[in-house]
Structures are given as structure tokens and as C-alpha cells.
Amino acid sequence: MDIMKGAVALQRAEDVTKAGGTFSISFFPFSRRQPPTGNVALKTYENCRMRKPLPHEKWDIDGKNFFLFLTEDNQPKACYRSLIRFMSFSTDGNKLKQIKWYE
């Protein structure tokens, strides 16, 4: 499996979206308002596109910590950037890449 740095993966997701392509993303969901009560499973969304912040979105921490995207059915989603573990891009045949944030 290929390994990609987190900042490079996010830039690539932006470039793929601008070119009309899609990406898949797998991350660990987390909410500061509702902490997990048991095991947290990896969540995966396919055929996603990046998005801009919506007017009603307000965060109690800096917004640069979030990765904003639209799912296949145009539902707006957000996740903590540092919790992203895997991504694949339509421009390279959806080959899965492991995301490393800290090395």
C-alpha cells in the first residue's frame, strides 16, 4: 500500500475536485460534543468532492482543523484532518493510499 503525507493528500483532493474527479476517504469520526462511548469504527465515504464552508457552520476551534467534503449524494460532511487514515483518487484508478500526518 502506498503512503502519502496528509498535506499532500488534501492538496491532491482539492486538485482532483477542481478537475471534476472524485476521491474516497476513510477516517475515524469524533465529536467533542458527544464523545465516543465504545469502539470507534473507521468511516468510509466514496465518490466525494471538496466543498467550501456553509454560512451556518460555526466551530468552537479553528476551522483549519477540519476537512470539508460532499458525499456522493451531496450531503455536506466534515472531519478532523488529523483523523483521516486512507484516501484514494479517481485520477489514479482509486488506488488506496495510507495517510501519514506525523513522521
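Strands β2 (23–27) and β3 (43–50) pair in the antiparallel sense over 4 bridges. Strand β2 also pairs with β6 (84–89), again antiparallel, over 5 bridges. Two strands count as paired if DSSP finds at least two bridges between them. This is a predicted model: local features need pLDDT of at least 70, side-chain atom pairs count only at pLDDT 80 or more, and totals for chains, interfaces and linings use all residues. Residues are numbered from 1 along each chain as its sequence is written, and side-chain values use heavy atoms, with hydrogens and water left out.

**Overall layout**

- The chain has 1 helix and 7 strands. Helices (H or I, at least four residues) and strands (E, at least two) are DSSP runs, numbered from the N terminus.
- Along the sequence the pattern reads β-α-β-β-β-β-β-β.
- Of the 103 residues of the chain, 32% count as buried. Buried means under 20% relative accessible area, exposed means over 50%, and partly exposed lies in between (1.4 Å probe, protein chains only).
- The chain exposes about 6,800 Å², and carbon and sulfur atoms supply 50% of that area. Accessible areas come from the Shrake-Rupley method with a 1.4 Å probe; for residues, only the protein chains shown count as cover.
- Among contacts between residues at least 6 apart in sequence, 52% join residues at least 24 apart. Contact means heavy atoms within 4.5 Å.

**Strand β2**

- 5 of the 5 residues of β2 are buried, so the strand is largely enclosed by the rest of the structure.
- Both faces are covered. Phe23, Ile25 and Phe27 are buried on one side, and Ser24 and Ser26 are buried on the other.
- In a regular strand the side chains alternate between the two faces of the sheet.
- Ile25 has Tyr45 as its bridge partner in β3. Ser26 stands opposite Phe86 in β6.
- Ser24 of β2 counts as buried because its relative accessibility is 13%.
- Beyond its neighbours within four places in sequence, Ser24 is in contact with Tyr45, Glu46, Asn47, Phe86, Met87 and Ser88.

**Nonpolar core**

- The largest nonpolar core has 17 residues. Such a core is a set of buried Ala, Val, Leu, Ile, Met, Phe, Trp, Tyr and Cys residues joined through side-chain atoms within 4.5 Å.
- The residues with the most contacts inside this core are Phe23, Ile25, Phe67, Phe69, Ile84, Met87 and Phe89.
- At least two core residues come from each of α1 (6–18), β2, β3, β4 (66–70) and β6. Helix α1 gives the largest share, 4 residues.
- Phe67 is in contact with Leu10, Ala13, Phe23, Ile25, Met50, Lys77, Ala78, Cys79, Arg81, Ile84 and Met87, leaving aside its neighbours within four places in sequence.

**Positive phi values**

- Most residues other than glycine have a negative phi, and most peptide bonds are trans.
- Asn47 has a positive phi, near 55°. Asn47 sits in strand β3 and is partly exposed, because its relative accessibility is 30%.
- Asn74 also has a positive phi, near 60°. Asn74 is in the loop between β4 and β5 (76–80). It counts as partly exposed because its relative accessibility is 45%.
- Asn74 and Arg51 are 23 residues apart in sequence and 10.0 Å apart in space, C-alpha to C-alpha.

**Thr71 in the β4–β5 loop**

- Thr71 lies in the loop between β4 and β5. At 4% relative accessibility, Thr71 is buried.
- Leaving aside neighbours within four places in sequence, Thr71 is in contact with Tyr45, Asn47, Cys48 and Lys77.

**Surface patch**

- Phe28, Val40 and Leu42 make a nonpolar surface patch of about 210 Å².
- Patches are made of residues with over 30% relative accessible area and no salt bridge; like charges are joined within 9 Å, and nonpolar side chains (Val, Leu, Ile, Met, Phe, Trp, Tyr) within 5 Å. A salt bridge is a side-chain nitrogen of Lys or Arg within 4 Å of a carboxyl oxygen of Asp or Glu.
- Phe28 lies in the loop between β2 and β3. Phe28 is partly exposed, with a relative accessible area of 32%.
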